[in-house]
Amino acid sequence: MAAQSTIRSSRLGRMAAFAGTGARVGINYLKHYGQRSIGSGVDENDLHERNAEAVYKTFSELKGGPLKLAQMLSIDHNLLPAAYAGQFAKAQYSAPPLSYPLVARTFRREMGRGPLEVFETFCESAAHGASIGQVHKATRDGRDFAVKVQYPGVAESLRSDLRIVKPIALQVIGLRERDVENYFREVETRLLEETDYTLELERSMELSRASSHLEGVSFPRYFPEYSCRRILTMEWIDGLTLDRFAKGPADQAERDRVGQALWDFYEFQIHTLQLFHADPHPGNFLVSPPGLTVLDFGCTKKIETLFYRRHFRFLDERLLGDRDALEEALVDLGILLPGDADASRARIRDLCAASIAILARPFRDGFFDFSDPSFMRSIYDLGEQNRRDDSLRGLRGQRGSPDSIYVNRAYFGLYSLLSAIGARVKTRLPAWLAT
Amino acid sequence: MENKEKLLAGFRDHMGRHGHPPASVPALCETLGVAERDFYLEFGSLEALESSFWEDLVAKTVTAVEEGPEWQGFGARQRLLAFLFAFLEKSLDVRTVLLFRFRSVSPLCNPEWLRGMERRFKEWASDLVAHASATGEIADRGRLSGLYPAAFYLHLRAVIDFNVKDTSMRYERSDAFVEKSTHLAFDLLRTQAIDSAFDLLRFFAPWGHRAG
Ligand SMILES: Nc1ncnc2c1ncn2[C@@H]1O[C@H](COP(=O)(O)OP(=O)(O)OP(=O)(O)O)[C@@H](O)[C@H]1O
């Protein structure tokens with residue numbers, strides 16, 4: 001068996017690994033400037049590509065926190081150059097396996113019984129890796145189960161991992177710590193929640209019950225009697241992960257159907273429940289003959305009505321035409337600060353208006369064709385442009401609400417998934433805006 | 001209860017209560033109501049008693065893992081992992097004694113009271129090494145392979161050392177340590193790197209071959 005041996009355990013080991021990355025990134029810069037001075041004409045994208053590779057390599061060698069963080073950053077393209085994002089996105093598929101004795105040990109430690117005392121059969125090698133655990137297939141009483149087992153000590157090492165990864169991430173992304181502090185705090189809270197499978201079980205059952213009436217979406221059955229803090233057992237689902245489905249031979253009608261189910265699911269959660277699955281990456285959805293199955297409610301986010309209204313007011317087309325109203329709405333959300341000078345105020349307002357115009361596009365006509373690649377392209381371009389904008393970099397202060405991180409992440413993830421599938425979906429504005 | 005068991009249990013209770021071994025054989029015998037004569041029929045000395053106490057922990061662990069339904073199918077790496085996890089599990093029963101005893105000794109020193117544990121574990125590790133050679137999990141290095149059980153024993157001591165210092169919930173970090181260090185150990189024993197290291201050692205060591 002080829003279980004992985006290079007996970008670094010001690011804090012020191014992790015520090016060393018990160019220091020190594022720092023060095024590699026530095027070396028790439030040196031090479032880059034070296035090449036530039038002899039005029040070989042390498043462009044900056046090339047450099048990003050190589051740094052991303054180095055950073056990604058380190059992230060994927062470390063289990064737990066950094067991998068999770070890498071994944072999370074990968075979805076927020078506004079915070080990362082496209083090149084990093086591509087590398088980080090790979091992270092989720094490269095998790096090293098736990099040995100079977102460790103899986104058995106976890107069962108005994110947490111449930112007082114070995115896997116074969118709980119199930120009739122239990123597949124010793126994992127069926128799927130996950131970022132902080134792995135999924136095994138098991139059977140009992142003629143039923144198939146998916147049993148998710150968590151790496152030991154993940155919860156413990158998360159905090160210190162984040163502390164180590166933060167300065168590096170900041171340096172790589174080029175942001176000031178003070179300005180993104182609440183971003184990191186929010187991410188840390190969600191990360192720690194994800195290590196508690198008891199919580200995940202409760203939420204999964206709650207959210208799937210609340211969404212059970214939606215057409216085309218289903219949820220695995222969950223089994224509290226075989227679950228605990230570090231082990232989560234659900235019904236086994238045969239199906240293709242969303243990225244495989246997207247690349248597969250499915251015809252347009254099927255793509256539309258799956259896409260519509262996905263859209264409706266998010267619309268219901270965000271606009272009605274105001275509690276949503278905040279981890280829309282392709283590994284969390286399976287497509288099987290009856291439709292779309294949603295897995296993994298480890299990362300859910302609840303938003304308050306006040307914030308919800310403030311955030312989604314921007315879907316109102318009239319707001320974009322009215323400068324004063326727009327500024328007022330931006331102040332409400334904390335994106336514009338009272339101390340901003342007039343010039344930067346106008347600058348931010350215009351940039352926001354441009355972003356909103358793009359991001360709200362799917363809501364405009366009651367129908368949207370995500371198979372049009374120019375839509376995602378314009379989102380990426382917008383992110384790149386904001387990132388390169390020096391006038392934005394110079395801005396001080398924490399801006400925006402940390403709550404918007406996960407709302408944006410959910411929508412960005414949703415848009416990416418729908419584009420990957422190439423779905424055409426019926427959309428509509430929330431009722432309170434559609435007047 | 002047999003005298004042997006009674007004495008071992010008495011030893012554990014004493015350690016738990018006082019944080020050090022009983023002062024003398026008569027002191028222990030008196031509290032337990034066992035005749036001194038019966039003590040010496042079982043153990044030659046207090047050290048021998050303690051030695052047997054730790055040996056017992058290893059023996060019980062071996063029985064427990066070898067009875068497991070998955071044992072036969074396990075390769076050597078998995079067997080060692082299973083043993084170490086089971087050892088941590090069993091040691092919870094004597095956690096207090098473990099803390100008192102191991103917190104203060106370095107994994108490198110080998111006091112009298114650990115002889116039984118060492119012997120019993122190395123015996124088991126020899127079988128493990130044989131199994132590992134058979135499955136090709138580690139390279140056979142002739143006479144040097146004789147050192148493997150000692151290396152595994154050091155590993156066990158390192159695990160105990162990590163565990164007595166571990167403050168994580170349910171000692172989860174000890175589990176992670178066992179997993180990672182075992183993989184490392186087997187990877188080292190499988191590659192050529194260690195051969196070269198041994199070769200070099202052999203070259204310099206007084207007992208090595210001088211040919212060059
Ligand atoms: N019920 C199931 N039936 C079949 N496969 C499953 C099931 N649940 C999960 N999987 C597979 O295991 C993979 C990882 O599961 P999951 O996403 O729940 O783990 P995770 O630790 O939360 O990881 P991440 O945070 O990366 O999503 C999924 O991508 C999916 O392919």
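1. Let's begin at the hairpin of β3(A) and β4(A): 2 residues lie between its strands, and D141(A) there takes a positive phi near 45°. The two strands, β4 covering residues 143-150 of chain A, are antiparallel and pair over 8 bridges. One of the pairs to look up is K137(A), whose bridge partner in β4(A) is A146(A). Strands here are DSSP runs of E with at least two residues, and helices are runs of H or I with at least four, numbered from the N terminus. Two strands count as paired if DSSP finds at least two bridges between them.

2. A word on what you are looking at: this is a predicted model, in which local features need pLDDT of at least 70 and side-chain atom pairs count only at pLDDT 80 or more, while totals for chains, interfaces and linings use all residues. Residues are numbered from 1 along each chain as its sequence is written, chains are lettered from A and ligands numbered from 1 in the order in which they are written, and side-chain values use heavy atoms, with hydrogens and water left out.

3. Strand β1 (residues 121-122) of chain A pairs with β3(A) in the antiparallel sense over 2 bridges, with T121(A) opposite T139(A). Strand β2 (residues 128-129) of chain A is also antiparallel to β3(A), again over 2 bridges, and here H128(A) stands opposite V135(A).

4. Further along chain A, which strands make up the open sheet, and in what order? There are 4 of them, ordered β5-β10-β9-β7, and the pairing is mixed. β5 and β7 (240-241) of chain A are the edge strands, each with a single partner, so one side of each has no neighbour in the sheet. In general, strands of a sheet pair through backbone hydrogen bonds, either parallel or antiparallel.

5. Walking across that sheet, β5 (residues 217-218) of chain A runs parallel to β10 (residues 291-294) of chain A, joined by 2 bridges; S218(A) has T293(A) as its bridge partner. Next, β9 (residues 285-288) of chain A is antiparallel to β10(A), with 4 bridges, and V287(A) is partnered by L292(A). β9(A) and β10(A) form a hairpin, with 2 residues between them.

6. Now for the two chains together. Contact (heavy atoms within 4.5 Å) involves 26 residues of chain A and 22 residues of chain B. The chains bury about 2200 Å² between them, 52% of it on carbon and sulfur atoms. Buried area here is the accessible area (1.4 Å probe) that two parts lose on being put together, summed over both.

7. In one example, E89(B) forms a salt bridge with R105(A), the closest N and O atoms being 3.1 Å apart. This pair joins two chains, because E89(B) lies in helix α5 (residues 76-91) of chain B and R105(A) in helix α5 of chain A. Please also look at R109(A) and D175(B), which meet in a salt bridge at 2.2 Å, N to O.

8. On the side of chain A that touches chain B, α5 (100-111) and α7 (154-173) of chain A each supply at least two residues. α5(A) gives the most, with 7 residues.

9. Finally, chain B itself is divided into domain 1 (1-44) and domain 2 (51-211), with bounds from an automatic or database domain assignment. The contact between them takes in 9 residues of domain 1 and 9 residues of domain 2. About 760 Å² is buried there, and carbon and sulfur atoms give 78% of it. In domain 1, L8(B), R12(B) and M15(B) lose the most area to domain 2, together 54% of what that side buries. Across this interface of chain B the rule finds 0 salt bridges.

Notes: A salt bridge is a side-chain nitrogen of Lys or Arg within 4 Å of a carboxyl oxygen of Asp or Glu.
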